Amino acid sequence: MNTRAATRWPAVWAVFAGGLVAGAYIGKVPPALPLLRAFVQAPTHLTVLVALYRYYYYNHRLQEALHVARQARVVAGAEMGFPDDWRTMDLLYLSAGARRSLGQVRFYLLSLKAEGFLYLRLAQYAAGRERLQKVRELDEADRLGSAALLAIIDSCGDYEPTAPDLAADYKEAL
């Protein structure tokens with residue numbers, strides 16, 4: 001009997017490679033762990049939410065980033081007495097909030113803009129456009145730059161991709 005043939009080399013190499021990967025984290029904390037600990041301890045602290053949002057966004061975890069952006073907007077809005085539904089936000093709420101904290105109002109609007117941008121990245125164009133239009137409506141001077149994103153969306157027309165559309169485009173490319 002050939003002992004070499006009887007050895008399960010693929011399994012041996014898989015265990016060896018898994019050990020190398022696991023060994024890379026020995027004595028180290030996975031990158032997200034401190035952020036998640038901070039989030040558990042202070043889920044409504046805006047600094048924690050911004051850090052967590054950036055972590056998810058820059059790691060291309062857009063669904064998680066969207067969830068955090070939404071939570072940041074809700075927290076900022078609640079602190080300012082804004083309505084729960086962003087669709088009902090108007091200039092009266094905005095001006096009342098600006099008297100309390102212009103920075104907090106800006107944070108709220110930037111969170112809503114982030115939501116819109118993430119919806120665009122996730123190919124949910126109608127949801128993204130709706131949020132960006134609300135930011136544009138509330139930011140009349142366009143200090144936050146939502147008009148540029150809306151112009152890009154408008155230049156694409158009313159195209160909302162669906163799975164069959166993408167499949168048809170792929171077949172045509174072949």
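**Helix packing and loops**

Helices H5 and H7 cross in a left-handed manner, a term that applies when the near helix is turned anticlockwise from the far one by less than a right angle, the clockwise case being right-handed. Helices are DSSP runs of H or I with at least four residues, strands are runs of E with at least two, and both are numbered from the N terminus. The structure is a predicted model, in which local features need a pLDDT of at least 70 and side-chain atom pairs count only at pLDDT 80 or more, whereas totals for chains, interfaces and linings use all residues. Residues are numbered from 1 along each chain as its sequence is written, and side-chain values use heavy atoms, with hydrogens and water left out.

The chain contains 10 helices and 0 strands, so that, by the definition given for these runs, the order of elements from the N terminus on reads α-α-α-α-α-α-α-α-α-α. Of the 174 residues in the chain, 33% are buried, where buried means a relative accessible area under 20%, exposed means over 50%, and partly exposed covers the range in between (1.4 Å probe, protein chains only). Among the contacts in the chain with a separation of 6 or more, 52% are made by residues 24 or more positions apart, contact being defined as heavy atoms within 4.5 Å.

Two packed helices are described by the angle between their axes and the distance between the axes. The axes are lines fitted to C-alpha atoms, for helices over the stretch in contact, and the angles run from 0 to 180 degrees between N-to-C directions. Helix H5 (residues 62-80) packs with H7 at an angle of about 155°, the two axes being 9 Å apart. H5 is therefore roughly antiparallel to H7, given that angles over 145 degrees count as roughly antiparallel, under 35 as roughly parallel, 65 to 115 as roughly perpendicular, and the rest as oblique. On the H5 side the meeting residues include Leu-62, Ala-69, Ala-76, Glu-79 and Met-80, and on the H7 side they include Gln-104, Val-105, Phe-107, Ser-111 and Leu-118. By class, the contact of H5 with H7 comprises 14 nonpolar, 3 polar and 5 charged residues, with Ala, Val, Leu, Ile, Met, Phe, Trp, Tyr, Cys and Pro counted as nonpolar, Asp, Glu, Lys and Arg as charged, and the others, Gly among them, as polar.

Helix H4 (residues 46-58) also packs with H7, at an angle of about 20° and with the axes 13 Å apart. This makes H4 roughly parallel to H7, and the crossing of these two helices is left-handed. Leu-46, Val-50, Tyr-53 and Tyr-57 in H4 meet Gln-104, Phe-107, Ala-114, Phe-117, Leu-118 and Arg-121 in H7, and by class this contact has 8 nonpolar, 1 polar and 1 charged residues.

Gln-104, which is found in helix H7 (residues 102-121), is buried, with a relative accessible area of 14%. When neighbours within four places in sequence are left aside, Gln-104 is in contact with Leu-46, Ala-76, Glu-79 and Met-80. The side chain of Gln-104 makes a polar contact with the side chain of Glu-79 at 2.5 Å; a polar contact is a pair of N or O atoms within 3.5 Å, of which, within protein, one must be able to donate a hydrogen and the other to accept it, and residues adjacent in sequence count only if both atoms are side-chain atoms.

Leu-109, likewise found in helix H7, counts as buried at 5% relative accessibility. Beyond its neighbours within four places in sequence, Leu-109 is in contact with Leu-94, Val-135, Leu-138 and Leu-144. The C-alpha atoms of Leu-109 and Ala-76 are separated by 9.5 Å, the two residues being 33 residues apart along the chain.

The loop between helix H8 (125-138) and helix H9 (146-155) holds Asp-139, a buried residue with a relative accessible area of 7%. The side chain of Asp-139 reaches the backbone nitrogen of Leu-144 at 2.7 Å, and, apart from neighbours within four places in sequence, Asp-139 is in contact with Leu-144 and Gly-145. Asp-142, found in the loop between H8 and H9, has a positive phi near 55° although it is a residue other than glycine, and it counts as partly exposed at 22% relative accessibility. His-60, in the loop between H4 and H5, has a positive phi of about 60° and is not a glycine; at 63% relative accessibility, His-60 counts as exposed.
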